[in-house]
Amino acid sequence: MKGMLYGVGVGPGDKKLLTLHAIETLNHADVVAVPDTGGEKTALKIVEEYIAGKELKYCSMPMIRDPEQLRQSHEHCADELCALLDQGMKVAFITLGDPTVYSTYMYVHRLVVGRGYKAEIVNGITSFCAAAGRLGVSLCDGKEALHIIPSSYEGYEELLKLPGNKVLMKSGKKIIQIKDKLEQYGLLNKAKMVECCGMENEKLYGSLEELNEDSSYFSIILVKGDV
């Protein structure tokens, strides 16, 4: 009998934001798959107290954008996970935030399901919801729209012009450029940010005008209002 793959969202960084469903899934897993980007394994640190003694499977997930290299990486990861599923194992693949929001896990999920295996998504608290909570603001009220924008990609500027509130994710090393663009569009005084939400090095910015240097990859900008 084939095993089961679980894509487990572990939240943005604070261990206390792990859901009961996530903890239960990790407790019952035979193997925990850990995304390996070559850097700090943040997702693993969040769940480490719940997976003591469990077998870990590190899955290479390089931070690159070359489509062919990414495809090969995802295929290789799917191969490794399917080999475990063929042994009847329950595999929990941990991922920051929620698996359905800009998560590499979903590429692997689709490959595994496409090969005839069963997989289930265990939702987690998203970074932008946690960031809004830390800042004490609402993401959307009444008829307000909310746009999730991957701001490290070309074309994000046009999305800033959409009516409604915006969440800018994946800002990273482009943060100062993004700040300048927000100022150009008259949005700077409407923008707040949380860097490394829920982590030990968390920083809150009540105004993006306070930001004068590059920030972490884990930076969430919230913009309330229109251009």
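## A polar contact at T95

The side chains of T95 and S103 meet in a polar contact of 2.9 Å. This comes from a predicted model, so please read every value here as computed from that model.

T95 itself belongs to strand β4. Is T95 buried or exposed? Its relative accessibility is 8%, and because the cut-off for buried is under 20%, T95 counts as buried. Once neighbours within four places in sequence are set aside, T95 is in contact with V8, G9, V10, S103 and Y105.

## One aromatic pair

The structure holds one aromatic pair. Its members are F93 and Y105, with ring centres 5.3 Å apart and planes at 45 degrees, which makes the pair tilted. The two residues come from distant parts of the chain, twelve residues apart: F93 sits in strand β4 (residues 90–95), while Y105 sits in helix α4 (residues 105–114). Strand β4 is also where T95 lies.

Where do F93 and Y105 stand on burial? Both are buried.

## Charges over rings

Over the ring of Y117 sits the charged end of K2, 4.3 Å from the ring centre. Over the ring of Y153 sits the charged end of R65, and here the distance to the ring centre is 3.8 Å.

Notes:
Residues are numbered from 1 along each chain as its sequence is written. This is a predicted model: local features need pLDDT of at least 70, side-chain atom pairs count only at pLDDT 80 or more; totals for chains, interfaces and linings use all residues. Side-chain values use heavy atoms; hydrogens and water are left out. Rings of Phe, Tyr and Trp (its six-membered ring) pair if their centres lie within 6.5 Å; planes under 30 degrees apart count as stacked, over 60 as edge-to-face and the rest as tilted. Helices (H or I, at least four residues) and strands (E, at least two) are DSSP runs, numbered from the N terminus. Buried means under 20% relative accessible area, exposed over 50%, partly exposed in between (1.4 Å probe, protein chains only). A charge sits over a ring if NZ of Lys or CZ of Arg is within 6 Å of the ring centre and within 35 degrees of the ring normal. A polar contact is a pair of N or O atoms within 3.5 Å; within protein, one must be able to donate a hydrogen and the other to accept it, and residues adjacent in sequence count only if both atoms are side-chain atoms. Contact means heavy atoms within 4.5 Å.
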